[in-house]
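This briefing covers aromatic ring pairs, charges over rings and the nonpolar core of one predicted model. Please read it alongside the sequence and the 3D view.

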Amino acid sequence: MTQNPQNPPGTNRRTFLAQSAGLAAVVAAAGIPTSLARAQPTAQPAAAPGNANFPDGFMWGAATAAYQVEGAAAEDGRKPSVWDTFCHSPGHIKTGDTGDIACDHYHRYKEDVKLMVELGIKHYRFSISWPRVVPDGRGAVNEKGMDFYNRLVDLLLENGITPHCTLFHWDSPQALEDMYGSWRSRDIAKDFADYCTQTVKRLGDRITNWITINEIYCFTYMGYGVNQPPPHAPGTIVKTQKEVQQTVHHALLAHGMACQAIRAATPKPAKVALVVNFDTYVPLTEMPADIEATKKAFVEEHHNGTVLVPALTGAYNPVTLAALGPDTPDIQAGDMEIIAQPLDMLGYNNYTGSYVRAAANDRGYEVLQLPQDYPSMYVPWLNFVPESIYWGVRMISEALGKTDLPILITENGCPTNDEVSTKDEILDLTKIMFLRSYLSNVHRAVSEGYPLIGYIHWSLMDNFEWTWGFSRRFGITRVDFNTLTRTPKESFRWYQTAIRENRVV
């Protein structure tokens, strides 16, 4: 699950300088293609014949992540992750909760697979806990921990559900944090690749859809704070922005090396993806000037320019690097070639977006602040921008020219303040409104011919929502965290119907 930074009131996303006098020097020194300094117009894909239904074969699914649902934090040889340590340090989690038990999915996975079957999904995205299968982060594999995933994958396949496995969803081993500072060191890229190799060797005969890393932004920019505590694990305070940027670069390097490791280790052909919660920019009007301005913002703004752009093109956006100046990360020879491994699919985690309009300034665009009365969901960072999911897909084609790269929505959803009615129903109508609105924009992207192949909802069940603890419920299944009883919500029934009908209902 994504979690965006806490923005000041009226602010939706980060804004940065787009030009500097040293741009040409930065581009030349880094060996970056100058074409990336500006987004290039591309032809819009031809619209497919429209109808109410999604195409045959459209992938419907739901998602969870290891630390958020598994529990069994010290069972069968698992050792702590940085999130275990972070949660057990007072003041980090708003409710004082931890993932020690979470949803107890480790023991209740059979019940949860039955829920998936009832829901009707054919695709399930989950993550593997690195410290469960390689407890020290490097070295010996914990076969007891690996056996849990063997049992889970076998049960999914027995029920006709395709597993989509994320190899890293933020829970890096505490042992590596203690050894060398985890993402602050280049060593983590090799250790991550070795862990991927061992996992794929054991599960790759059944799993053929691999995701290397989930949301680089959230465990780098939000896990390391410059002279102040950051909101996410490992919660490390550093002295310079350059140190933060270096963690981003090391995460990208780990992704590239993981792609290589997966392809070398898999016993059968497999698809490899990266999941990015890239910033989505929506043109204020669908007029040519605002659309072109949106393309520029998409590749030049800081988050996309330092994560999505290098992952898909092999070069940091030079405008973004110029803004960083001395905080630009150190890049060794060959790094960018490793980072730019070809992807079989891009995973897109979408929740919200920002509006952009053309402007007579050095950037040629303006990212608009949202007014205080703009509607948001039950967390302050999730503004209700349903068209963002369409424009995110479209910008991959138009701003980056990746017209043939399959895109899978790997997370989308919202938390609700659920109440159980006198009829023992959970009428989470707000979530249904959210789903209907966002899925209508998913349908628009598909009907216009963009390569969007499926939708995986976040989340299958209420879970440990990072710094919010158990206080924010993203699930379409309610979990009573006292009894661990699972109860499908009204949104579960709505999504069940949409899957069965293969359309927005």
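Phe-384 is buried, with a relative accessible area of 16%; buried means under 20% relative accessible area, exposed over 50% and partly exposed in between, using a 1.4 Å probe and protein chains only. The model is predicted: local features need pLDDT of at least 70 and side-chain atom pairs count only at pLDDT 80 or more, while totals for chains, interfaces and linings use all residues. Residues are numbered from 1 along each chain as its sequence is written, and side-chain values use heavy atoms, with hydrogens and water left out.

**Aromatic pairs**

- A pair of aromatic rings is described by the distance of the centres and the angle of the planes.
- Rings of Phe, Tyr and Trp (its six-membered ring) pair if their centres lie within 6.5 Å; planes under 30 degrees apart count as stacked, over 60 as edge-to-face and the rest as tilted.
- By this rule there are 37 aromatic pairs.
- The ring centres of Phe-168 and Phe-219 are 4.9 Å apart and their planes stand at 80°, so this pair is edge-to-face.
- Phe-168 is in the loop between strand E3 (162-166) and helix H7 (174-180) and Phe-219 is in helix H9, so the pair ties together parts 51 residues apart in sequence; helices (H or I, at least four residues) and strands (E, at least two) are DSSP runs, numbered from the N terminus.
- Phe-168 is buried at 0% relative accessibility, and Phe-219 is buried at 2%.
- The rings of Phe-384 and Phe-434 have centres 6.2 Å apart and planes at 55°, so they form a tilted pair.
- Phe-434 counts as buried, at 0% relative accessibility.
- Ring pairs also link a cluster of Tyr-67, Trp-83, Phe-86, Trp-170, Phe-464, Trp-466, Phe-470 and Phe-481.

**Charges over rings**

- A charge sits over a ring if NZ of Lys or CZ of Arg is within 6 Å of the ring centre and within 35 degrees of the ring normal.
- The charged end of Lys-94 sits over the ring of Trp-468, 4.7 Å from its centre.
- The charged end of Arg-363 sits over the ring of Tyr-365, 5.1 Å from its centre.

**Nonpolar core**

- A nonpolar core is a set of buried Ala, Val, Leu, Ile, Met, Phe, Trp, Tyr and Cys residues joined through side-chain atoms within 4.5 Å.
- The largest such core has 162 residues, of which Trp-83, Phe-126, Phe-192, Phe-298 and Tyr-455 touch the most other members.
- Helix H10 (residues 241-265) supplies the largest share of this core, 11 residues.
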